[in-house]
Amino acid sequence: MLAVTAHDLVPPGPVAVLTNPTAGRGRHRGLLPRLLERLGGAGRPVELLAARTPEEAEAACHAAVAGGAGALVAVGGDGTVHRALQAVAGTAVPFGPVPAGTGNDFAVDTGFPADPLAAAAVIADALRAGRTHPVDLARLTTPGGGDRWYGAVLAAGFDAIVNERANRMRWPRGPRRYDLAILVELARLRPRRYRLRLDGVEHELDAVLVAVGNAASYGGGMRICPDADPHDGLLDVVVGGRFDRRTLMRVKPRIYEGTHVTHPLVRSYRARTVELDAEGITTYVDGERAFDLPVRVSAVPAAVRLLR
């Protein structure tokens, strides 16, 4: 078992802050001055990163880390955190997520308060004390050389298919587009044949839901991998088998409590490396579109140091 606390000196340098003003449909936008004030209370300069797109946000985080930032803070949801993690993973630069999005699964699952101002206060206190807390990340790679880090969950089943459908739709706008995508994909629901290799042991199975979790939750509190622990150096794999439409809709609400894993069609596994393949599936990690299958996922112990 890895140690869950560490008292390391935070590198010198300013606190770089990435914000997403549209996160959580903008409901926390007015908090930004107070958040920056709290972060500035740690006695370091605070530098707000400029970015108009997710790609620019990720590039700005890389530039800040390369340019000598002492810490990186992301104000937003899981998508914003995901972009920031690409820059700090595997480095000595510590990270603080301020949950201000629709889905804040990584921040909450790693022990940060759900309230943005309270989370900023926790981060500022850790900065003052030079205190960090190492947690694992998952590293996603492809045969073609693709490479991403993620903190929460990889989805490669029905939820990923719905996301892919919603992202292709031009109408309607907002959350109703996602609801319509669910209805369309429910009508088309069929189990897919998956090939899993878990620490070298092969499995072939038909499934509707497939998730690989470094942490427990995705989608704003759905505990798809309820036993996942981002300190144990392992990935949790949850597979929902040959569900029909009616069974899937009965089981899905149970994911919020994590009780779906007791259903007889659900199997759970644990492994350090997961190789996953199926035809026609695109993966989503931390809610963000990633790579088409096949992919390899590796647990990387203590890959990021959190300001907690």
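1. In this predicted model, 13 residue pairs are in polar contact between domain 1 and domain 2, with both residues of each pair at pLDDT 80 or more. Sorted by class, the domain 1 side comprises eight nonpolar, seven polar and seven charged residues.

2. Charged pairing also occurs across this interface, where the rule identifies two salt bridges. The side chains of Arg-83 and Glu-288 form a salt bridge, with an N to O distance of 3.5 Å.

3. As to the division of the chain, domain 1 covers residues 15–131 and domain 2 covers residues 140–306. A distance of 26 Å separates the C-alpha centres of domain 1 and domain 2. In terms of contacts, 22 residues of domain 1 meet 23 residues of domain 2.

4. The extent of the interface may also be stated as an area. The accessible area lost when parts come together is often used to give the size of an interface. Between domain 1 and domain 2, about 1,800 Å² is buried, and carbon and sulfur atoms account for 54% of this area. Within domain 1, the residues that lose the most area to domain 2 are His-82, Asp-105 and Asp-109, which together make up 30% of what that side buries.

Notes. Residues numbered from 1 in each chain as written. Predicted model: local features only at pLDDT ≥ 70, side-chain atom pairs only at ≥ 80, totals over all residues. Heavy atoms only, no water. Domains from an automatic or database assignment. Contact = heavy atoms within 4.5 Å. Buried area = accessible area lost by both parts, 1.4 Å probe. Salt bridge = Lys/Arg side-chain N within 4 Å of Asp/Glu carboxyl O. Polar contact = N/O pair within 3.5 Å; in protein donor to acceptor, adjacent residues only side chain to side chain. Nonpolar A, V, L, I, M, F, W, Y, C, P; charged D, E, K, R; others polar.
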